Amino acid sequence: MCLAVPGKITSISADDPLMRTGQVSFGGIFKEVNLAYVPEAKINDYVITHVGFAISVLNEEEAHRVFDTLNQLNALDEPENPTP
Amino acid sequence: MKFVDEYRKSKQANQFADAIRRCVTRSWTLMEICGGQTHSIAKYSLQDLLPEKISLLHGPGCPVCVTPVTLIDKAVHIAALPDVIFCSFGDMLRVPGSREDLLTVKSKGGDLRIVYSPMDALKIAQDNPQKEVVFFAIGFETTAPANAMAIYKAKSDGIKNISFLVSQVIVPPAIRTILDSPENRVQGFLAAGHVCTVMGYREYEPISKDYCIPIVVTGFEPLDILQGIYLCVKQLEEGRAEVENQYSRSVRKEGNLPAQKIIQEVFQIVPRHWRGIGEIAQSGLGLREPYTQFDAENKFSCEVHSQERSTECISGLVLQGIKKPNECQAFGKSCTPESPLGATMVSTEGACAAYHRYQSVRS
């Protein structure tokens with residue numbers, strides 16, 4: 001039920017702020033999505049969408065943190081470089 | 001797909017699994033709250049990547065599963081009325097009521113329509129002014145902004161022929177109920193990433209403090225869940241009990257403020273009955289006074305005498321994390337997705353349905 005998927009905004013039409021909508025591409029499948037709850041969203045942003053409403057704009061920088069953590073863990077695990 | 005594929009790589013998943021293995025010295029039992037997370041755990045066999053010492057219990061975060069039988073019976077009653085178009089998310093159609101489910105009403109000629117969004121029901125109401133349209137407004141906090149917007153727009157646009165059968169529930173009181181149970185085994189929670197996208201995670205801080213328990217706001221992809229488990233286990237091993245945010249690409253601490261504003265405009269906190277668990281104080285959302293004209297329970301007189309069918313089904317215990325699906329005698333025998341005894345076997349996010357679909361999850 002709380003399934004929500006990321007998609008990329010390809011166009012925005014804005015009249016009434018409560019009915020601000022955008023075309024969002026979910027891996028090539030386009031759907032009209034209500035953008036009332038993400039007033040900051042711009043074309044090319046990725047939004048998380050649930051039952052026709054975008055509920056967040058994905059933060060690119062934060063999205064890398066999972067991999068930063070992995071890199072740190074791997075660095076801890078590797079043997080120290082020999083000193084010259 | 002960006003923001004999906006990169007979180008499903010097996011090499012990185014194994015690296016997290018190794019990190020968890022290195023970190024664990026004792027046995028720990030964690031619970032993922034959301035049915036979407038349960039589904040991912042089963043689908044990607046994540047439990048199999050974890051050391052024996054880590055047990056995962058599956059939480060009550062499946063709105064289809066916890067919608068009480070009384071409301072299913074009311075939905076069945078209303079959907080069968082002439083001149084009613086009953087709109088619902090598809091998952092609700094096969095949830096057993098006392099006697100019938102909504103699909104049976106449809107098979108007998110009821111005008112039942114599966115919709116993708118509550119806004120679709122609004123459109124159906126506008127297109128059919130001679131009919132009464134009813135939307136089954138179920139969901140957790142994730143769905144509340146969409147349901148609230150449909151109700152808000154119905155009022156502001158003066159659409160009179162729509163009403164909402166509301167079964168909105170909220171997560172934090174359910175976590176407290178689980179922790180208060182004498183049978184509780186949960187030592188750390190993976191909180192639901194999309195619920196927290198809407199509500200933020202400030203309200204989890206007093207729970208973490210009161211019960212001295214780690215809560216990690218977690219996403220839904222395999223790497224998200226494994227990192228959530230890693231962060232939770234690390235806290236437990238280090239004797240910490242904090243709220244951490246693994247799903248920071250979507251979740252801000254304060255949540256989505258415009259969405260919260262509409263939720264507060266339309267809904268107020270009410271007690272709610274959870275199927276399989278019972279009544280939980282302050283655990284649901286009901287319509288505020290200016291919007292009660294859109295309450296389907298007021299619009300349609302529907303006195304129903306509901307009774308849970310007596311079966312071997314243990315879905316209540318599954319929803320509270322006390323039992324696992326495959327500990328049920330009926331699992332896969334008298335209870336299957338084609339012929340479900342309990343709601344947890346109906347919804348794709350129900351723990352029983354997830355276990356049944358991806359049998360590889362170990363007991």
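Good morning, colleagues. Residues are numbered from 1 along each chain as its sequence is written, and chains are lettered from A, with ligands numbered from 1, in the order in which they are written. Because the model is predicted, local features need pLDDT of at least 70 and side-chain atom pairs count only at pLDDT 80 or more, while totals for chains, interfaces and linings use all residues.

Let me turn to confidence. The model scores ipTM 0.93 and pTM 0.94.

I begin with chain A. Helices (H or I, at least four residues) and strands (E, at least two) are DSSP runs, numbered from the N terminus. Two strands are said to pair if DSSP finds at least two bridges between them. Strand S1 (residues 5–13) of chain A runs antiparallel to strand S2 (residues 21–26) of chain A, and 5 bridges join them. Within this pair, A:Ile12 has A:Gly22 of S2(A) as its bridge partner. S2(A) is also joined, by 6 bridges and again antiparallel, to strand S3 (residues 29–34) of chain A. There, A:Gln23 stands opposite A:Glu32 in S3(A). S2(A) and S3(A) form a hairpin with 2 residues between them, and A:Gly27 in the turn has a positive phi of about 55 degrees.

How many residues does each chain bring to the contact between A and B? Chain A gives 28 residues and chain B gives 42 residues, where two residues are in contact if their C-beta atoms, placed from the backbone, lie within 7 Å. On the side of chain A, strand S4 (46–50), strand S5 (53–57), helix H1 (60–63) and helix H2 (65–77) each supply at least two residues. The largest share, 6 residues, comes from H2(A). By class, this side of chain A has 18 nonpolar, 8 polar and 2 charged residues; Ala, Val, Leu, Ile, Met, Phe, Trp, Tyr, Cys and Pro count as nonpolar, Asp, Glu, Lys and Arg as charged, and the others, Gly among them, as polar.

Next, chain B. It is divided into domain 1 (5–63 + 185–245), domain 2 (65–170 + 255–299) and domain 3 (315–357), with bounds that come from an automatic or database domain assignment. The centres of domain 2 and domain 3 of chain B, taken over C-alpha atoms, are separated by 24 Å. Across that boundary, 9 residues of domain 2 are in contact with 11 residues of domain 3.

Chain B has an open sheet of 5 strands in the order S2-S1-S7-S8-S9, with parallel pairing. Strand S2 (54–61) and strand S9 (243–245) of chain B each have a single partner strand, so one side of each is left without a neighbour in the sheet. Strand S8 (residues 215–218) of chain B pairs with S9(B) over 3 bridges in the parallel sense, and B:Val216 has B:Glu244 as its bridge partner in S9(B).

A second open sheet of chain B has 6 strands in the order S4-S3-S5-S6-S11-S10, with mixed pairing. Its edge strands are strand S4 (111–114) and strand S10 (267–274) of chain B, each pairing on one side only. S10(B) and strand S11 (residues 278–287) of chain B are antiparallel, with 7 bridges; B:Val270 is the bridge partner of B:Gly284 in S11(B).

Finally, two helix pairs. Axes are lines fitted to C-alpha atoms, for helices over the stretch in contact, and angles run from 0 to 180 degrees between N-to-C directions. The axes of helix H1 (residues 10–23) and helix H12 (residues 222–238) of chain B come within 9 Å and cross at roughly 10 degrees. H1(B) and H12(B) are therefore roughly parallel to each other, a term for angles under 35 degrees, with over 145 counted as roughly antiparallel, 65 to 115 as roughly perpendicular and the rest as oblique. Their contact has 12 nonpolar, 2 polar and 2 charged residues. The axes of helix H7 (residues 118–127) and helix H8 of chain B come within 8 Å and cross at roughly 25 degrees, so H7(B) and H8(B) are also roughly parallel to each other. The contact of H7(B) with H8(B) has 7 nonpolar, 1 polar and 1 charged residues.

Thank you for your attention.
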